[in-house]
Every structure is written in C-alpha cells, then in structure tokens.
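Subject: Structure handover

Hello,

Here is the structure I said I would pass on. My notes on what was found in it follow below.

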Amino acid sequence: MFQLNESEMNITFQTEPFTSPFWDVVQTASQMELKTKLPEAIQNRDWNELDIIFQNITHQMSFYSATYVVLPHMVRLLEQVMSEGDAAHAHTLIFNLGICLMTDIPENRSEETDSPILDDYNAAAQKLAGLTKQYLNTYEAQLRELDEDLRSMLFVATLAILGERETTYAAFDQLASGAIDELSLVCGGDCEYYEECYEPQEEQDAEIVLAAEYQSGAWDGSSYQNAFIWTSAVADLLGLENQLEVLRYLYGTFTCPECGKTQRVIDFMVTYLTEG
Ligand SMILES: [Zn+2]
C-alpha cells in the first residue's frame with residue numbers, strides 16, 4: 001500500500017551518547033535519570049521501564065525536550081525489533097513514538113531549540129516514517145485481526161508520524177475513539193458559535209457540516225498533500241470504519257449558522273488549538 005523510496009530507507013542518523021552533557025539539561029515530566037535508565041532499559045529490553053520513559057516524555061500530551069535525544073535511541077531500537085520480526089513490540093514502539101511526535105507542535109514548545117541535536121532528531125523522525133510504512137505493508141493482513149483499540153492506537157500514531165501532527169493533536173479524542181458524537185464545533189475569531197456535541201445524524205444539523213466523500217482505493221500510496229485521502233486510506237487499511245466516518249466529518253465543510261463563515265471542521269479545530 002505505501003510506496004517507499006530508496007532515500008527514505010537509507011536515512012542515517014546518530015544517537016546522542018549517554019555521556020553527553022545534554023542528558024543533564026533536557027526536561028522530562030518527573031526529571032528521570034535518563035542517561036542511566038534509558039541504556040539499561042534498551043539493553044535489557046525492559047518494556048515496562050521503556051513504557052515509563054515514554055510516559056515521562058508525553059505526560060498529559062505535553063512536549064518535553066528529552067524527546068529530542070530519546071527518540072533517536074527508540075527509533076534505533078525499533079529498527080532492531082523489526083529486523084527480528086517482533087511485530088508486537090514494533091507496534092508498541094510505533095505507537096509511543098507517534099505520540100511523541102504528535103506532542104512536538106509549535107503550540108507545545110516552551111522555547112525553540114537550535115542545536116545539532118535537532119538534525120539527528122529530524123532524520124530519526126524521517127527514518128521512523130519509512131519504518132512505519134514498512135511495518136504497515138508487511139503486517140497488513142495480521143493488523144486487521146487485532147483488537148480495535150490496538151488498531152486505533154496504530155492509526156493515530158501513523159497519522160502523526162507521516163506528517164499530520166497538529167491535526168492529530170487537535171482531534172485526538174475523536175480519531176482515537178472513532179466516536180463521531182464527540183465532535184464539537186467551534187467557529188472562533190469574533191464569532192461565539194460553539195456546539196459541544198454535534199450530531200451529524202440529526203436532520204437539522206445536516207446543513208452545518210457537509211461531510212467529505214471518501215472513495216476507497218483512490219490513494220496512490222505516495223502523495224501526502226491531501227490529508228483526507230491518505231489518512232482515510234490508512235483507516236481503511238486498518239479496517240477502522242468508525243474512524244473513516246470521523247474523517248469524513250473532520251474534513252467536511254462547516255458553515256457557521258451564526259456568521260456564515262465556511263471552512264473545513266479540522267481547520268476550525270486547529271485554529272481553536274492555536275489561538276485558544
Ligand atoms: Zn461563526
């Protein structure tokens with residue numbers, strides 16, 4: 001399903017040595033001693049401890065600067081786990097790494113970092129994109145047999161990893177749960193219109209949001225300009241029918257009944273996220 005190009009698979013990056021002074025200055029939620037805990041957890045494949053580390057850098061969907069140095073090490077681990085054919089732990093890593101990238105949006109960063117560390121971080125994130133595509137291609141049939149929760153986790157992670165960080169962050173609850181009745185509509189700007197629980201099934205609401213139409217098989221597997229098309233193709237691949245419906249509304253056209261402004265629902269949500 002996903003087309004992979006050679007340059008994507010040949011990306012190289014360095015991992016920050018554990019002797020580096022960076023480990024002493026980067027932030028986590030509970031100021032974990034990462035420079036000793038992370039190498040131990042990776043060495044011993046201590047999945048419990050690795051989970052604690054991920055929780056420490058994604059706590060309450062905030063961004064922590066330790067992500068810059070932790071992520072490349074975790075992507076390296078993912079490469080190893082995938083080469084061993086360990087699909088279950090690859091799933092765990094891809095999910096957690098997707099959440100890490102989802103939190104890395106401008107609204108969440110307290111300060112901008114300008115450091116060579118970022119080059120390796122960004123290269124590792126690109127490598128992660130290639131590995132995620134490879135994972136979905138390889139295990140497509142098995143993935144469809146997984147519990148819906150596990151498929152939903154992989155879905156939101158894939159969206160963030162392949163480039164839709166902000167929209168995934170803004171619509172996380174709806175995308176993760178697949179619950180269309182959690183759709184809230186907000187116009188923003190000077191307009192006060194706010195609908196906490198928009199119910200698309202109700203007839204009187206039908207004119208407020210015009211849902212986008214998804215065509216199965218329409219995606220070429222390589223272009224990411226039209227987020228509705230490729231994110232729907234991922235939901236389709238994972239057999240997530242509820243999420244497909246959620247995407248139709250997120251990428252549908254909202255016309256504000258109060259001021260008449262028209263925009264995609266997801267754009268209103270992102271604006272609300274960035275402007276408060
Ligand atoms: Zn309005």
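Two residues are in contact if their C-beta atoms, placed from the backbone, lie within 7 Å.

Before the rest, a note on the source. This is a predicted model, in which local features need pLDDT of at least 70 and side-chain atom pairs count only at pLDDT 80 or more, while totals for chains, interfaces and linings use all residues. Residues are numbered from 1 along each chain as its sequence is written.

Overall picture

The chain has 13 helices and 5 strands. Both are DSSP runs numbered from the N terminus, helices being H or I with at least four residues and strands E with at least two. With a radius of gyration of 20 Å, close to the 19 Å that the globule rule gives for 276 residues, the chain is as compact as a globular protein of that length. That radius is taken over C-alpha atoms, and the globule rule is 2.2 Å times the number of residues to the power 0.38. Along the principal axes, the C-alpha atoms fill a box of roughly 60 × 40 × 30 Å.

Helix pairs

Back to α11 (residues 227-237) and α12 (residues 241-250): their axes come within 8 Å and cross at roughly 165 degrees. Axes are lines fitted to C-alpha atoms, for helices over the stretch in contact, and angles run from 0 to 180 degrees between N-to-C directions. α11 and α12 are therefore roughly antiparallel to each other. In these terms, angles under 35 degrees count as roughly parallel, over 145 as roughly antiparallel, 65 to 115 as roughly perpendicular and the rest as oblique. The crossing of α11 and α12 is left-handed, a term used if the near helix is turned anticlockwise from the far one by less than a right angle, with right-handed used if clockwise.

Helix α6 (residues 87-103) packs against helix α7 (residues 117-143) at an angle of about 140 degrees, and their axes are 11 Å apart. That makes α6 oblique to α7. The contact of α6 with α7 has 9 nonpolar, 2 polar and no charged residues. Among those that meet are Ile94 and Leu97 in α6 and Leu128 and Tyr135 in α7.

α7 also packs with helix α8 (residues 148-161), at an angle of about 150 degrees and with the axes 11 Å apart. The two, α7 and α8, are therefore roughly antiparallel to each other. Leu128, Ala129, Thr132, Leu136 and Leu143 of α7 make the contact with Arg151, Leu154, Thr158 and Ile161 of α8.

Strands

β1 (residues 185-188) and β2 (residues 191-195) run antiparallel and are joined by 3 bridges. Two strands pair if DSSP finds at least two bridges between them. β1 and β2 form a hairpin with 2 residues between them, and Gly189 in the turn has a positive phi of about 65 degrees. Val186 stands opposite Tyr194 in β2, and Gly188 stands opposite Cys191.

The other 3 strands form an open antiparallel sheet in the order β3-β4-β5. Its edge strands, each pairing on one side only, are β3 (209-210) and β5 (262-264). Between β3 and β4 (residues 253-255) there are 2 bridges, and Val209 stands opposite Phe254 in β4. Helix α13 (residues 265-275) lies across β3, β4 and β5, and runs at about 85 degrees to β5.

Regards

Key. Ala, Val, Leu, Ile, Met, Phe, Trp, Tyr, Cys and Pro count as nonpolar, Asp, Glu, Lys and Arg as charged, and the others, Gly among them, as polar.
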